[in-house]
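Here are my notes on the model, point by point. Please read them with the structure open.

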Amino acid sequence: MRLPPVRFLPSSAAPAVVDANARIARLARAGNMEGARAAFEAMPLRTTASYNALLAGYFRNHLPDAALRVFRRMPSRDLASYNALISGLSLRRHTLPDAAAALASIPYPPSVVSYTSLLRGYVRHGLLPDAIRLFRQMPERNHITYTVMLGGFLEAGRVDEARELFDEMPAKDVVAWTAMLSGYCQAGRIAEARSLFDEMPKRNVVSWTAMISGYTQNGQVNLARKLFEVMPERNEVSWTAMLFGYIQAGHVEDAEELFNAMPEHPVAACNAMIVGFGQRGMVDAAKAVFERMRERDDGTWSAIIKAYEQNEFLMEALSTFREMLCSGIRPNYPSVISILTVCAALAVLDYGREVHGAMLRCSFDMDIFAVSALITMYIKCGNLDRAKRVFDMFEPKDVVMWNSMITGYAQHGLGEEALRVFGDMRLAGMVPDGITYIGALTACSYTGKVKEGREIFDSMGTNSAIRPGAEHYSCMVDLLGRAGRLEEALDLIKTMPVEPDAVIWGALMGACRMHKNAEIAEVAAKKLLELEPGNAGPYVLLSHIYTSTGRWEDASEMRKFISSRHLNKSPGCSWIEYDKRVHLFTSGDVLAHPEHAIILTMLEKLDGLLMESGYSADGSFVLHDVDEEQKTHSLRYHSERQAVAYGLLKVPEGMPIRVMKNLRVCGDCHSAIKLIAKVTSREIILRDANRFHHFKDGFCSCRDYW
């Protein structure tokens, strides 16, 4: 880049040059460096100020190499040239030594601006010792210098030193007073902040807003509102600060009232209101705010996606995320975490792959929390190989990542692999936490490794600082129960040092169903009714146990009991993703699907193939006392079989069929799907409420131990 020499200007040309210099600066501030460069090139005459404007513009727009080329080729430089250079080099940590060298190379005495530019760089990058040293060496200081140094102390949490400096300041403007006040608030020293606020000789709207924010950040929202009411003037930041305070305190009704009273609704306020409504479960209200917004930013989209996700409007979250991408909005960190959670909950692998691609484009693939969520998504979508590849490529790993892989292998019935990862984790020097032990114990439970499970449980008290909690005892109850040691499991519950919760009794209840032990099931069901009086689940299980043992009268009485107590029973449903859509099936209601005709045909075809393979329906999984033909008919239309039939129709051969169910898979369906996988030569992956079942060649990964 060749730069022409500076020429002395006749007085008549001076206004044109000044205008051109201003245009260069204006274009640079707008981020249009091509325009700024073109304006510079179009000048017939230039001054040093022209070069300075271009130099500062390049630094401002993060083009340091171009800025340095301008500086090196300047025909002449003044103090402003060096100040622009120092300020620009101070923007990046690794060029701070160059900024210090530039300060030392100024051929005439540096100004206070020169020193303050470097000081600001040290403070910006957290190099407080260097900032203090430079501050003490400065031959002169102004109020900006003091304010920058004050900010450095406050940013580092050194509030008392900041106060000493504040008291030393020869002159304090409202910016310094407000900075000190905010520092007290951030440190939780709200009384000192209020005292300083009361001492201020002059306050502006920023000072008032800082004090209000201080109150809200420290849980004193009522005092914040009182101060808000007596503000001499308010701006949108003041209104939004008060709104944030209410939402952080969980006072959504007060926030809504304030929001409706606002003269204008800036984007930040609308985003906060969407978050507040979402936290309270008011999804329609959150959606209404979102739809009324004329302007949206990435925070708006992440707020509404989070509102959908946390209230289980999962399909709405997916469609909104795709709408955001189609609108050209880059996803931010919160929206990526939310949508990965949604993909994991629905087990929609194709959507999950899309999100992974968006993560790569936005460089979130290097964030440890985002990658942990990505691993979990792949695991819950049934793609362990992809999860393992992501896990292996990322370094350094944290305990959450290790836990994800251990739990993932356990849920897929791969106990040996889960325990191998558990061992690798300890060999890598990573200290297991409580969740790690839950994953390892679950692996033992799902694969019948009673001996190994006992050893891991016992090691918690001797080889780690983790003491067994209710979750770990629940794993042990499940481990013993699945192995048929129901009396041992009940004895453990009676002697454990923690109070047994619904999860522990539920684990025992599930084991009773597996082994058809009505006597212990009745004990567990009674305890569960005390802990969760509105949950019908235990009584549905008990009814299953009665049915499977031929106690039809007891089963009938149990159904009447459920009905009379108005207990809630989750309906069984299954779903499958195909062509970027989630297809939902409910037990017994095959006609609800728009393609029910071909699904019914496939179910009838499968019935024939199963009969030829020696399948006989297990009527114990039908809750009603009906004849065998009716039982077979009922089992045929269980939701998981409908979903499998649809998958056989739609999913291309060679690709696994992935089905999700909200409850535990029916035992008869489990047997049937094993045979379906064999006679159709397809791999079927079914995720139920507890674990994954990989069906292939007539076998299941759980080895029928579930």
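**Notes on the predicted model**

1. Helix α27 is largely enclosed by the rest of the structure, because 11 of its 13 residues are buried. The buried set in α27 includes Gly 434, Thr 436, Tyr 437 and Gly 439. It also includes Ala 440, Leu 441, Thr 442 and Ala 443. Cys 444, Ser 445 and Tyr 446 belong to the buried set too.

2. Next, the geometry of that helix. α27 covers residues 434–446. From first C-alpha to last, α27 reaches 18 Å, close to the 18 Å expected at 1.5 Å a residue.

3. Look at both ends of α27. Just after the helix, Gly 448 takes a positive phi of about 70°.

4. How far can the model be trusted? The chain has a mean pLDDT of 89. Of its residues, 94% reach 70 or more. Residues 1–12 have pLDDT below 50. Beyond near neighbours in sequence, that stretch still has 31 contacts in the model. Residues 621–631 also fall below 50. For this second stretch, the corresponding number is 24 contacts. Where pLDDT is low, predicted coordinates should not be read in detail.

5. How many cavities of 30 Å³ or more does a search of the whole structure find? The search finds one. The volume of the largest cavity is about 40 Å³. Its lining consists of Leu 603, Leu 606, Asp 607, Leu 610, Arg 636, Arg 641 and Ile 676. Helix α35, residues 596–612, gives the most to this lining, with four residues.

6. Check the peptide bond between Glu 395 and Pro 396. The bond is cis, with omega of about -5°. Pro 396 sits in the loop between α24 (384–393) and α25 (399–411).

7. Ser 363 has a positive phi of about 65°. Ser 363 is in the loop between α22 (349–361) and α23 (368–380). Is Ser 363 buried or exposed? Ser 363 has a relative accessible area of 52%, so it counts as exposed, the cut-off being over 50%.

8. Lys 516 lies in the loop between α31 (502–515) and α32 (518–531). Its relative accessible area is 44%, so Lys 516 is partly exposed.

9. Finally, a side-chain pairing. Which residue does the side chain of Thr 48 meet in a polar contact of 3.0 Å? The partner is the side chain of Ser 76. In sequence, Thr 48 and Ser 76 are 28 residues apart. In space, they are 6.6 Å apart, C-alpha to C-alpha. Thr 48 is in helix α3, residues 48–60. Thr 48 has a relative accessible area of 14%, so it is buried, the cut-off being under 20%.

Note on methods:
Residues numbered from 1 in each chain as written. Predicted model: local features only at pLDDT ≥ 70, side-chain atom pairs only at ≥ 80, totals over all residues. Heavy atoms only, no water. Helix = DSSP H or I, 4+ residues; strand = E, 2+ residues; numbered from the N terminus. Expected span 1.5 Å × (residues − 1). Buried < 20%, exposed > 50% of the residue type's maximum accessible area, 1.4 Å probe, protein only. pLDDT = per-residue confidence, 0-100. Contact = heavy atoms within 4.5 Å. 1 Å grid on protein atoms, 1.4 Å probe; cavity = no way out; pocket = protein on both sides within 12 Å on 5 of 7 lines; lining within 4 Å. Points joined across faces, edges and corners; volume = space filled by probe spheres on them. Polar contact = N/O pair within 3.5 Å; in protein donor to acceptor, adjacent residues only side chain to side chain.
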